[in-house]
2 protein chains.
Amino acid sequence: MSPDPVADESAGSASASGESPASGPRRRRVASSTLKRASALGSGRPATIYDVARAAGVSHQTVTRYLNGFEGIRPETRARVKDALRALDYRPNLNARSLNSGRSRRIGALIQEIDQYGPSKVLQGATAAAREAGYVLDVVAQDVSRRTSIMAALDLLSEHDLAGILALSSTDEMTRAFESSRFGVPVVICTEPDDVTSGHPSELTTRGFPGLVRHLADLGHRRFLHIAGPTAWSSARNRARAYEAAVARHGLRSVATLPGDWTARSGFDAVMGVPGELGATAVVAANDQMALGAMLALTRRGLSVPGDVSVTGVDDIPDAAFFSPPLTTLRADFAAQGRAAVAALLAQIDGGESEVDRTWHSELVVRESTGEAP
Amino acid sequence: MSPDPVADESAGSASASGESPASGPRRRRVASSTLKRASALGSGRPATIYDVARAAGVSHQTVTRYLNGFEGIRPETRARVKDALRALDYRPNLNARSLNSGRSRRIGALIQEIDQYGPSKVLQGATAAAREAGYVLDVVAQDVSRRTSIMAALDLLSEHDLAGILALSSTDEMTRAFESSRFGVPVVICTEPDDVTSGHPSELTTRGFPGLVRHLADLGHRRFLHIAGPTAWSSARNRARAYEAAVARHGLRSVATLPGDWTARSGFDAVMGVPGELGATAVVAANDQMALGAMLALTRRGLSVPGDVSVTGVDDIPDAAFFSPPLTTLRADFAAQGRAAVAALLAQIDGGESEVDRTWHSELVVRESTGEAP
DNA sequence: CACCTAAATGTTGCCGACAACATAAGGGGC
DNA sequence: GCCCCTTATGTTGTCGGCAACATTTAGGTG
């Protein structure tokens, strides 16, 4: 009835049982007919080193040597191989290579809440970094709605012989799954720098939240409200800790820390759920979405932003600059997090050196959602 | 200086040159020492069918037969194999399998603007569908900032012997790259159902936009403004066409179609850039982000939403319900698009039948950004 | 009980790449 | 000119799984 949602264009004569439509032990060829394969451009299956060798009139090992940059090949031979490679459009089969070498060029990536801005940006950074190193990411997204367990995802990944595994979300669930499983490959859990994991105060604790709170304090705010992320996320816990420490350091008062789940709805519900007077003139949300929901709720409660209450977020998602009013927030660089995680993993894979110390910067972006305290 | 952003926990004794630290033709074992490998749980490399066969006292082929569900195995033998499989925690090496069979369980996925809600949701749906079928997605994200060409990404993917390739964004650039390349595997371009590709009016043209425009017309609006997505995107073109057709059908007037790029900023700029009076009482944006930017711009121009101007979006991103004011929009189901694309690809891979006709529904969600025309 | 067939299991070879070993040309030294 | 030794290149075997073919064992039948 409805139009096919997918515009497909099958390419090449490849698949779907080549010539003999009847029987079909797949492409199992008959004895020596193997030599009849792809000779010209674009025909049939991709060329192998054997095809190239035959075309160049050398042995397959000479081709391998050429590909591996071996010096001792006569210029004349070298030229023949080179020509054959290009003529047949040779692409190495990484599958076969890793079967032999035991090392693949693939990284498994587990990710949760991929539809959120943060995680998807982390993924973007990770794929970019991986690609630059000649790797691809095998991505498995945890669907929130169907919690089939991370273990099942890991099982799926474990068969694909990967060079390493990346956890792109740092939740307790994820951490637990990674602890209980044993992989034969390096593993990295990507997370915001946080106080507990690193053992010393993170940038968010030393500069990010202090700067944010000072900004609000300078505007005359004295009583604060925090809307936290889900406690299962290490970044949520860290942000809450950083917030509380910053408020305490300035000798100010935190009225409450309300639980949220990163969504705008939870920010909205949190504020709507406060009984009686709000009791605070500044709402510090752990991310921009919750700040968005909080602003709407404040409006609903008859409070104006920033007239009566100032609101801040964390992340600086692209939309934040266009909220009504535009949101004051702490900018985070998620793509860099993803890149760093991949770099750390590659370091483990290749060398064993884990030298990847990255400088983290959260930057306070002041917009119109914060103003003088009433 | 700053704490290491990545909490890593290397697992297993695997990597890093096992025993002999000196020389090292990798794990190339010495003659028959191959038999000395992993015997107990958790030791060394993953078990192969040969390990299992030895443990069960049968030939490797019997193990294969068991794994493939072959009936003719004596119950007693069957039990021994089963026990050995579990004892060694056997996992098939899909790499080796696909080297032999020529078919892998991996799908290449190319995606652009993954940090946008739509594409990331499509990816979520796609990975979920792939996972259910026992596949994983090899994701390569096109980074907008570094347009290193899709071709390079395809080259990278082409070496990883994939069962098929998915384009999760439908842009001209992507389409062109797919047309000029020849793959030996099925290819599917995931796109919104649109008029041109499908050859007949899409749901968006027959119901989505007509419903939206009628809603606005019923509120008394007569003059409309469209903020379109980037013309390189087929969905942007289709939405613009659907909008114009709907306005025309109701005998109303479209003042202009302004170009945007999906971002809130572009929506903001589009509205700010209109010289003189706005000339319209309803702004129909091609997505929610641009609608968000448009609303802020209208406020900046001294117009109230929805008092003076009504604004609508498309997509119904989770945040849309919490914009100020909450946004009237056409809901789209991106995850379903991703699932459908995978289903179509799998159909091509497995059967050749492309029976995947999915019912597309855009649903009008009325919120507070639309109201009576002034 | 010999004999034949079907069922159950074992053996060999291949996918594509690479590594170790093996061999065929070239260039001195005497 | 003989021998050795360095190049340049060819041959064999391996990774883990599967398919074709080979072989053994069990189950009937005359």
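In the predicted model, 72% of the contacts in chain A between residues at least 6 apart in sequence join residues at least 24 apart. The secondary structure of chain A comprises 13 helices and 11 strands, and of its 374 residues 55% are buried. The accessible surface of this chain amounts to about 15,900 Å², with 53% of that area belonging to carbon and sulfur atoms.

In soluble globular proteins, nonpolar side chains tend to be buried together. The largest nonpolar core found here has 154 residues, and the residues with the most contacts inside it are Phe209(A) and Phe209(B). When residues up to four places away in sequence are not counted, Phe209(B) touches Leu204(B), Ala242(B), Ala246(B), Val284(B), Val314(B) and Leu330(B), together with Tyr243(B) and Arg239(B). Cysteine pairing does not feature in the model, since the structure holds zero disulfides over all chains. Cys190(A) has a relative accessible area of 3% and is therefore buried, the cut-off being under 20%, and Cys190(B), likewise at 3% relative accessibility, counts as buried.

Helix 13 of chain A, formed by residues 334-350, was examined for its length and its surroundings. The N-terminal end of the helix is capped by Asp333(A), a side-chain oxygen of which lies 3.4 Å from the backbone nitrogen of Ala335(A).

Most residues other than glycine have a negative phi, and most peptide bonds are trans. Against this background, the peptide bond from Ser324(A) to Pro325(A) is cis, with omega near 0°, and Pro325(A) is found in the loop that runs between strand 9 (310-315) and strand 10 (328-331) of chain A. In chain B, the bond from Val305(B) to Pro306(B) is cis with omega near 5°, and Pro306(B) is placed in the loop between helix 12 (288-300) and strand 9 (310-315) of that chain.

Positive phi values were noted for Glu113(A), at about 50° although the residue is not a glycine, and for Asp89(B), where phi is near 50°. Glu113(A) lies in the loop between strand 2 (106-112) and helix 5 (117-132) of chain A, whereas Asp89(B) is located in the loop between helix 3 (75-87) and helix 4 (94-101) of chain B. With a relative accessible area of 13%, Glu113(A) is buried, while Asp89(B), with a relative accessible area of 38%, is partly exposed.

A further loop residue, Ser104(B), is situated between helix 4 and strand 2 (106-112) of chain B, and at 3% relative accessibility Ser104(B) counts as buried. The side chain of Ser104(B) reaches the backbone oxygen of Asp161(B) at 2.9 Å and the backbone nitrogen of Arg106(B) at 3.4 Å.

Methods: Residues are numbered from 1 along each chain as its sequence is written. Chains are lettered from A and ligands numbered from 1 in the order in which they are written. This is a predicted model: local features need pLDDT of at least 70, side-chain atom pairs count only at pLDDT 80 or more; totals for chains, interfaces and linings use all residues. Side-chain values use heavy atoms; hydrogens and water are left out. A nonpolar core is a set of buried Ala, Val, Leu, Ile, Met, Phe, Trp, Tyr and Cys residues joined through side-chain atoms within 4.5 Å. Buried means under 20% relative accessible area, exposed over 50%, partly exposed in between (1.4 Å probe, protein chains only). Contact means heavy atoms within 4.5 Å. Helices (H or I, at least four residues) and strands (E, at least two) are DSSP runs, numbered from the N terminus. Accessible areas come from the Shrake-Rupley method with a 1.4 Å probe; for residues, only the protein chains shown count as cover. The expected span of a helix is 1.5 Å times one less than its number of residues. A polar contact is a pair of N or O atoms within 3.5 Å; within protein, one must be able to donate a hydrogen and the other to accept it, and residues adjacent in sequence count only if both atoms are side-chain atoms. A disulfide is a pair of cysteine sulfur atoms within 2.5 Å.
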